[in-house]
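Take a moment to look over the model below. Then follow the chain with the text beside you.

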Amino acid sequence: MEPEATRNAKESLELAFKMSQILDTGLDRHTLSLLVALCDRGVNPEALAALVRELSPPATNSTNSSSVFSNIHQS
């Protein structure tokens, strides 16, 4: 049986991935896992979001990750 901390981490990542899909961020599980790990190590989440927006290819529809992140930040 896996340790509770490992199970909780997997469940948290799965929840974050589902939220990422709902928000149509285009992030895969691996990338999301790396971003979460960087945040856990103290990297500024807003700086990471800006980097993801900068490196992401232009979206073809009006509900792309940039607009989603912008809408969340403005709230």
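**A walk through the helices**

Start with H3, where the cover over the buried residues includes H2. This is a predicted model, so read every distance and angle here as computed from it.

Which residues of H3 are buried? They are Leu48, Ala49 and Val52. Seen down the axis of H3, these buried residues fall within an arc of 100°, so they line one face of the helix. Now turn to the face of H3 that points away from the buried side. There you find the exposed residues Glu46 and Glu54. At its N-terminal end, H3 is capped by asparagine 44. A side-chain oxygen of asparagine 44 lies 2.7 Å from the backbone nitrogen of glutamate 46.

Step back to the whole protein. It has four helices and zero strands. Read from the N terminus, the order of elements is α-α-α-α. The protein has 75 residues, and 16% of them are buried. Now take the contacts with a separation of 6 or more. Residues 24 or more positions apart account for 32% of those.

Next, look inside. In soluble globular proteins, nonpolar side chains tend to be buried together. The largest nonpolar core here has six residues: Phe17, Leu27, Leu32, Leu35, Leu48 and Val52. Which elements give two or more residues to this core? They are H2 and helix H3, which spans 45-55. Leaving aside residues up to four places away in sequence, valine 52 touches Leu27 and Leu35.

Now move to H2. This helix has 12 residues. At 1.5 Å a residue, H2 should span 16 Å, and its end C-alpha atoms are 16 Å apart, so the two values agree. Just after H2 comes glycine 42, which takes a positive phi of about 100°.

What caps the N-terminal end of H2? Aspartate 28 does. One of its side-chain oxygens lies 3.2 Å from the backbone nitrogen of histidine 30. Aspartate 28 sits in the loop between helix H1 (4-22) and helix H2 (29-40). Is aspartate 28 buried, or partly exposed? Its relative accessibility is 41%, so aspartate 28 counts as partly exposed. Aspartate 28 and phenylalanine 17 are 11 residues apart in sequence, and their C-alpha atoms are 7.5 Å apart in space.

The loop between H1 and H2 also holds threonine 25. Buried means under 20% relative accessible area. Threonine 25 has a relative accessibility of 10%, so it counts as buried. Its side chain makes a polar contact with the side chain of serine 20, at 2.3 Å.

Finish with charge. How many salt bridges are there? The count comes to one. Arginine 29 forms a salt bridge with glutamate 14, and the closest N and O atoms are 3.0 Å apart. Arginine 29 lies in helix H2 and glutamate 14 in helix H1, so the pair ties together parts that are 15 residues apart in sequence. Both partners are partly exposed. The relative accessible area is 40% for arginine 29 and 28% for glutamate 14.

Technical notes: Residues are numbered from 1 along each chain as its sequence is written. This is a predicted model: local features need pLDDT of at least 70, side-chain atom pairs count only at pLDDT 80 or more; totals for chains, interfaces and linings use all residues. Side-chain values use heavy atoms; hydrogens and water are left out. Buried means under 20% relative accessible area, exposed over 50%, partly exposed in between (1.4 Å probe, protein chains only). A salt bridge is a side-chain nitrogen of Lys or Arg within 4 Å of a carboxyl oxygen of Asp or Glu. The expected span of a helix is 1.5 Å times one less than its number of residues. A polar contact is a pair of N or O atoms within 3.5 Å; within protein, one must be able to donate a hydrogen and the other to accept it, and residues adjacent in sequence count only if both atoms are side-chain atoms. A nonpolar core is a set of buried Ala, Val, Leu, Ile, Met, Phe, Trp, Tyr and Cys residues joined through side-chain atoms within 4.5 Å. Contact means heavy atoms within 4.5 Å. The arc is that of the directions from the helix axis to the C-beta atoms.
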